[in-house]
Amino acid sequence: AASEAAGAASGRAGGRRVISCIAPTTPERHLFHESALYRCFAAQTHPHTELVVVDTGPTPSAFFSSAEFEDRRVKYIHQVGHMTIGEKRNVAIAAASGDFICHFDDDDLYAPSYLATMLAALDDAGADFVKLSAWFVHDLQTGATGHFDAEAGMPHPSLAPLTEQFLYTYGFSFLYRRKLFPAFSFAATSWGEDQDILKRVRGGGRRVALHRDRTGICLHNQHGENCSRSFAQTTVTLDTLRASPLGPLLPALPLIGRALAGGRRVEGESGVYGDKEVRSDNAGGLFCWDSQLAARRGDGDGTLTAFTEWLWSGNGFSKARYDKLGLARPAPPQQFLERNGSSAAAAGGGTAAAAEALRAGAGQGLESLRSVEGMREPHAPGAITNPASYRPGGIGNPVAATGGPGLAFGQSSRKFTL
């Protein structure tokens, strides 16, 4: 709350401290360019802003390319050919004129005080980079909403290794000084580029600050086309969101959901591994620990098992997720399948030994997933997020070591075709 109050003051007293909001996008998201992306940008209270949208696909955005659309703060760049998310971010930064870069993901919601608050947090810490350490998340497939807070601690000892992953990834909340570039550029991938750049920025001695959002300045949305799913310690009611600074923006949620999650099954579509199947009773892309714990009458180990089964079940992900990214789908270790797969579940019984076997299997399955999906070490050898693991044709297929093409922009126009 203190940073938010300071944020308003920082925005007023900062002179012309321009924040460039960058937004990679694709045609299926054109439907909510006006109601979500532009509306969130236009409502920001920080006085000096610009929005740089980098769009790839056969047709440009009807909203941003319209002759009737006039906002000199907006630069809209369209290219028919494919670019990875990392490349799009590099292109947007190259086109940006601000002193600060803020990630403004088109499928998430940002309250009017968001930019001012994050800039104040950066200033307060004397940092080069700031991101959220706590945030609200909503599942557009199930309607569930939760709050994740890394500073509150993880609810089970086996989840403690995930704290670092949650803290230093999830690029939807990045704000940083533009002067970091081009020394620090995004890898030309569509998965793990956020975790990779944060690791390099921190390893390069740059200070990274964290802001703990407990009032609702940002809402991260799960819809099945995300590159990752979400975990929350606590469940949040929709009434709480309506009463937050995000309240006026919530009418955009059904449109985002219809565009990205419409008609998709929320239960597992990819949890079959040979003759074993990993099932989960937690639908969608958000796992709220408190509600799952209550359903298991306070059994923490049982909830850990449920969490790991959910991760491997495929619930909340588009069935084509790995194919679209050009990645081989990872398989859980055989020991996890024997203890947690449906064909072994009938033999589990109710003994303490069986419960311990399930807990151990969950721990092993969770650690295996962290390794193969690059959670422990982004782009490490053996991880499917390593650029060498990409298959030709996937949207994550890397094209260049440091991102997009060199660009020259005219001064009189704010709309560009590459």
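Does K276 count as buried or exposed at 8% relative accessibility? Let's find out in the views below. This is a predicted model in which local features need pLDDT of at least 70 and side-chain atom pairs count only at pLDDT 80 or more, while totals for chains, interfaces and linings use all residues. Residues are numbered from 1 along each chain as its sequence is written, and side-chain values use heavy atoms, leaving out hydrogens and water.

**View 1. D275 and K276 form a salt bridge.** A salt bridge is a side-chain nitrogen of Lys or Arg within 4 Å of a carboxyl oxygen of Asp or Glu. Here the closest N and O atoms are 3.6 Å apart. K276 counts as buried, whereas D275, at 64%, counts as exposed. Buried means under 20% relative accessible area, exposed over 50%, and partly exposed in between (1.4 Å probe, protein chains only).

**View 2. R212 pairs with D149 in a salt bridge.** Their closest N and O atoms lie 2.8 Å apart. R212 sits in strand β9 and D149 in strand β7, so the pair ties together parts 63 residues apart in sequence. Helices (H or I, at least four residues) and strands (E, at least two) are DSSP runs, numbered from the N terminus. D149 is buried at 6%, and R212 is partly exposed at 27%.

**View 3. Helix α3 (residues 85–95) is mostly covered.** Of its 11 residues, 9 are buried, among them G86, V91 and I93. These buried residues pack against several elements, including β1 (19–25) and α6 (193–203); contact means heavy atoms within 4.5 Å.
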